[in-house]
Amino acid sequence: MTRPAPRFGRYALRLLSLATALGLWQLVTSLKIDLWLRFSQFPTVTDVTRAFADRLTGGDYWTDLTDSVTRILAGFLLAAVLGVAVGVLVARSRLAEDLLGPLLEVIRPIPAIALVPVAILLFPSNEQGIVFITFAAAFFPVLVSTRHAVRALSPVWEEAVLTLGGGRWRVLRSVVLPGALPGIFGGLSVGIGVSWICVISAEMISGQYGVGYRTWQDYTVVDYPGVFVGMVTIGILGWATSTAVELLGRRLTHWLPRTSYVPVARPRAARAAAPVPSAASPVGGVPVSEAEEAHDEHLV
């Protein structure tokens with residue numbers, strides 16, 4: 001069996017892939033290649049880097065960053081708490097499923113960004129409306145993943161707790177929530193990514209400050225390096241928050257067995273097959289024909 005690659009080797013490969021992508025970007029933009037895709041209008045990596053350095057020295061960049069992160073944390077944490085609670089309730093109670101299920105399934109297909117007019121009419125400030133859109137984006141992935149994870153639990157565990165004298169709260173605390181944690185964190189990972197998409201879109205439409213708002217302002221004044229600064233910032237923030245959710249999930253589910261992909265070596269070519277005994281080949285030192293005759297005499 002082949003041993004897994006060392007950790008520093010994996011990090012080197014990741015850095016190499018990132019460096020290759022940046023080098024290709026620099027090449028096609030500096031050469032202003034215009035085939036089917038038009039790269040002549042794209043800023044180069046050096047232009048974006050220069051603009052990024054200028055933004056870091058200004059106060060507006062950090063204000064936008066703080067506003068976007070605050071909106072994400074407020075909406076996502078609210079969605080995480082309510083999504084898990086409603087998911088468990090719908091999965092464990094037929095009454096709750098009958099009352100809430102149809103309403104949730106009708107609202108769930110509506111894109112969160114389509115709720116911007118509703119948020120503008122419903123909330124007295126844009127800040128509260130953006131938090132609401134972020135909450136709506138993350139709520140349904142968490143709800144659906146929690147519901148499926150709870151329903152997939154084996155009833156044997158619950159019966160064992162009830163047999164030992166435990167009540168409903170003990171079942172919820174000792175069986176339902178720990179058993180559903182892997183599925184819950186799967187929904188949280190999806191929810192945080194969708195939240196970033198929707199909060200940036202909401203900031204572009206009705207925000208004041210924020211990474212999305214600043215990116216759209218740069219586009220309106222044809223500051224393309226600034227647009228790419230906003231895109232890179234969004235990517236870094238999304239990666240950081242998704243990694244934080246994943247690390248928290250691993251810490252809370254440390255009791256689960258961890259598996260990693262280990263490539264299996266190909267089996268060697270099979271040796272030459274043993275020759276099949278022919279009719280004239282001996283079996284146990286006796287020709288096949290004589291052995292068959294002895295067997296027939298024994299049956300008689």
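Where does Val 222 lie? In this predicted model, Val 222 sits in the loop that runs between helix 9 (211-220) and helix 10 (224-252).

**The overall picture**

The protein chain has 11 helices and 2 strands. Reading along the sequence, you pass through α-α-α-α-α-α-α-α-α-α-β-β-α. Of the 300 residues in the chain, 31% are buried. Take the contacts between residues at least 6 apart in sequence: 69% of them join residues at least 24 apart.

Lys 32 belongs to the loop between helix 1 (7-30) and helix 2 (45-56). Is Lys 32 buried or exposed? Lys 32 is exposed, since its relative accessible area is 51% and the cut-off for exposed is over 50%. Val 222 counts as exposed as well, at 53%.

**A nonpolar patch around the loop**

Val 222 also turns up in a nonpolar surface patch, together with Met 204, Ile 205, Trp 216, Tyr 219 and Tyr 224. Together these residues have about 580 Å² of accessible area. Helix 8 (168-206) and helix 9 each supply at least two residues of the patch. Tyr 224, for its part, is found in helix 10 and is partly exposed, with 32% relative accessibility.

**Aromatic rings**

The structure holds 9 aromatic pairs. One of them is Phe 123 with Phe 132: the ring centres are 5.2 Å apart and the planes meet at 45°, so the pair counts as tilted. Phe 123 is partly exposed at 24% relative accessible area, and Phe 132 is partly exposed at 21%. Elsewhere, Trp 25, Phe 39, Phe 42 and Phe 228 form one aromatic cluster.

Which residues does Asp 64 contact, leaving aside its neighbours within four places in sequence? They are Tyr 209, Gly 210, Val 211 and Arg 214. Asp 64 is found in helix 3 (residues 59-92), and it is buried because its relative accessible area is 3%, with the cut-off for buried at under 20%.

Thr 233 lies in helix 10 and is buried, also with a relative accessible area of 3%. Setting aside neighbours within four places in sequence, Thr 233 is in contact with Phe 52, Tyr 61, Leu 65 and Val 211.

| Residue | Relative accessible area | Class |
|---|---|---|
| Lys 32 | 51% | exposed |
| Val 222 | 53% | exposed |
| Tyr 224 | 32% | partly exposed |
| Phe 123 | 24% | partly exposed |
| Phe 132 | 21% | partly exposed |
| Asp 64 | 3% | buried |
| Thr 233 | 3% | buried |

Key: Residues numbered from 1 in each chain as written. Predicted model: local features only at pLDDT ≥ 70, side-chain atom pairs only at ≥ 80, totals over all residues. Heavy atoms only, no water. Helix = DSSP H or I, 4+ residues; strand = E, 2+ residues; numbered from the N terminus. Buried < 20%, exposed > 50% of the residue type's maximum accessible area, 1.4 Å probe, protein only. Contact = heavy atoms within 4.5 Å. Patch = residues over 30% accessible without salt bridge, like charges linked within 9 Å, V, L, I, M, F, W, Y side chains within 5 Å. Areas by Shrake-Rupley, 256 points an atom, 1.4 Å probe, with all protein chains shown as cover. Salt bridge = Lys/Arg side-chain N within 4 Å of Asp/Glu carboxyl O. Phe/Tyr/Trp six-rings, centres within 6.5 Å; stacked < 30°, edge-to-face > 60°.
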